[in-house]
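Please look through the model below with its sequence at hand.

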Amino acid sequence: MTKNYPCIRTKLPGPHAIQYLEKEKIFVSPSSTKSYPLVVKSAKGMVVTDVDNNTFLDFTAGVAVCNTGHNHDQIISAIKSQSDTLIHMSGADFYNPLHIVLAEKLSAICPGPHAKKVFFGNSGAESVEAAFKLARYHTRRTIVIAFYHAFHGRTMGALSLTNSKLNQRRHFLPLVPEVIHIPYAYCYRCHYGLTPDTCNMYCVSWIREELFKTKVPPEDVAAIFVEIIQGEGGYVVPPKEFHRALYQLTRDFDILYVADEVQSGMGRTGKMFASNHFDIVPDIITVAKGIASGLPLSATVASEKIMNWAPGSHASTFGGNPVSCQAALTTIKLLEDGLIDNAAKQGTYMIHELKKLERTYPIIGDARGLGLMLAIEIVKDKETREYAPEERDSIIQKAFSKGLLLLSCGRSTIRFCPPLILSKDDADIALSIVEECLKETIQSKL
Ligand SMILES: Cc1ncc(COP(=O)(O)O)c(C=O)c1O
């Protein structure tokens with residue numbers, strides 16, 4: 001079936017976009033990274049329209065947020081009807097029925113049959129801040145372990161755990177003390193030069209045998225913060241045994257296992273949470289991005305035994321806003337009613353096709369992912385695996401000029417995180433644009 005999108009009618013950026021970009025330079029903080037000059041006017045489903053009426057196929061979902069597709073009709077009506085009734089009355093000081101209903105639902109869908117409690121915030125970083133504070137509060141221990149290439153947000157506590165790019169940390173030191181970073185199971189680039197079939201999860205036994213015997217007393221460790229699949233760090237999927245061994249380590253030393261599912265949660269990987277793929281029942285889970293289809297909301301979900309902090313120890317004026325909670329309840333229903341299954345189905349198709357591209361093109365070192373959390377790592381040479389950030393950026397820029405929105409992650413990787421409403425037709429459009437961009441990029445290097 002021929003689609004009328006993507007459709008690029010102007011030079012990019014178009015004349016209206018240029019006007020906004022000039023004003024942005026004057027009035028808006030320059031601190032965030034922008035991948036390309038896309039100035040968005042509207043969006044529906046898989047399609048984003050810019051201020052010059054160019055249409056783009058969105059394989060970013062607004063950075064893994066619009067899992068139900070942009071402006072889903074049911075989300076719009078949930079938002080409209082809730083805003084007719086109540087927009088705000090702060091969960092910090094008053095009771096809000098939607099807090100309670102959504103907390104009950106989140107307790108049910110988060111891994112594990114045990115009783116859980118939920119703290120609501122507004123962003124991924126806030127959910128991580130809450131988890132960090134809760135871990136110290138509950139355990140009365142100080143040290144927290146996180147991973148190389150991790151991204152947990154940019155507020156001071158969350159930033160202390162983040163270890164993905166220097167720009168995120170430069171000039172902000174010192175951060176929260178007693179955060180230790182260790183290598184993740186990034187098997188394509190194993191820190192120890194080993195391979196997953198024979199390494200026996202050395203990266204985890206190293207913690208037990210080296211770290212805990214030389215530098216870090218395990219009885220002082222409050223928590224290990226881990227992305228089940230590393231997001232900003234490169235969409236790195238570790239072997240199942242990695243999380244299982246890490247989890248066992250935390251059981252052996254009474255350490256909290258904190259799963260940051262801000263990016264991997266809410267159906268993105270073809271299960272409600274990525275933890276479900278690894279049979280892990282985290283002590284604390286952080287959730288944001290896809291939880292409310294674009295409205296600001298986050299949740300820190302912990303077992304009721306752990307979430308035992310005293311009144312006043314943590315709160316948020318806006319956290320758990322009623323309109324966001326209503327959008328979240330509708331989002332979860334849409335996910336359960338078919339979008340998670342669709343993510344699994346289209347993800348299986350996409351990874352199969354991306355693996356074909358990996359076999360065909362010398363600059364794809366690794367195609368990987370789960371569900372619709374997918375990536376290709378671009379390299380200069382398959383043998384040496386040398387990072388190829390220029391080639392990666394060139395593919396993303398070319399895709400933009402052809403109407404496909406992509407994002408980078410890691411040092412040399414392109415991620416694919418489309419809305420979970422993705423159809424095979426739209427997957428094929430994206431794949432063929434990516435293939436054209438790969439060919440052009442290789443050609444331009446010859
Ligand atoms: C795994 C993870 N944790 C935390 C965050 C921070 O979320 P936010 O930007 O909403 O603060 C992100 C954002 O990309 C993330 O991917």
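**Helices and sheets in a predicted model**

The axes of helix H4 (residues 97–109) and helix H10 (residues 322–360) come within 9 Å of each other and cross at roughly 35°, where axes are lines fitted to C-alpha atoms, for helices over the stretch in contact, and angles run from 0 to 180 degrees between N-to-C directions. Helices (H or I, at least four residues) and strands (E, at least two) are DSSP runs, numbered from the N terminus. This is a predicted model, in which local features need pLDDT of at least 70 and side-chain atom pairs count only at pLDDT 80 or more, while totals for chains, interfaces and linings use all residues. Residues are numbered from 1 along each chain as its sequence is written.

The crossing of H4 and H10 is left-handed, a term that applies if the near helix is turned anticlockwise from the far one by less than a right angle, with right-handed used if clockwise. On the H4 side, Leu98, His99, Val101, Leu102, Lys105 and Ile109 meet Pro322, Cys325, Gln326, Ala328, Leu329 and Ile332 of H10; two residues are in contact if their C-beta atoms, placed from the backbone, lie within 7 Å. By class, this contact of H4 with H10 has 9 nonpolar, 2 polar and 1 charged residues, where Ala, Val, Leu, Ile, Met, Phe, Trp, Tyr, Cys and Pro count as nonpolar, Asp, Glu, Lys and Arg as charged, and the others, Gly among them, as polar.

Leu98, which lies in helix H4, is buried, with 21 other C-beta atoms within 10 Å. A residue is buried if 20 or more other C-beta atoms lie within 10 Å of its own, exposed if 12 or fewer, and partly exposed in between, with C-beta atoms placed from the backbone. Leaving aside neighbours within four places in sequence, Leu98 is in contact with Pro322, Cys325 and Gln326. Leu98 and Gly231, by comparison, are 133 residues apart in sequence and 30 Å apart in space, C-alpha to C-alpha.

An open sheet of 7 strands has the order E4-E10-E9-E8-E7-E5-E6, with mixed pairing, and two strands pair if DSSP finds at least two bridges between them. Strand E4 (116–121) and strand E6 (179–182) stand at the edges with a single partner strand each, so one side of each is left without a neighbour in the sheet. Neighbouring strands of this sheet are turned by 20° against each other on average, direction ignored. E4 runs antiparallel to strand E10 (residues 298–303) and is joined to E10 by 6 bridges, with Ala299 in E10 as the bridge partner of Phe120. H4 packs on this sheet, touching E4 and E10, and the direction of H4 makes about 125° with that of E4. Of the 6 residues of E4, 5 are buried, so E4 is largely enclosed by the rest of the structure.

Strand E11 (residues 364–370) is mostly covered, as 7 of its 7 residues are buried. E11 pairs with strand E12 (residues 373–378) in the antiparallel sense over 6 bridges, and Glu377 in E12 is the bridge partner of Asp366. These two strands, E11 and E12, form a hairpin with 2 residues between them, and Gly371 in the turn has a positive phi of about 55°.

E12 is also joined to strand E15 (residues 413–416) by 4 bridges, the two running antiparallel, and Ala375 stands opposite Arg415 in E15.

The axes of helix H8 (residues 202–214) and helix H9 (residues 240–252) come within 9 Å and cross at roughly 20°. That makes H8 roughly parallel to H9, because angles under 35 degrees count as roughly parallel, over 145 as roughly antiparallel, 65 to 115 as roughly perpendicular and the rest as oblique. Val204, Ile207 and Arg208 in H8 meet Phe242, Ala245, Leu246 and Leu249 in H9, and by class this contact has 6 nonpolar, no polar and 1 charged residues.
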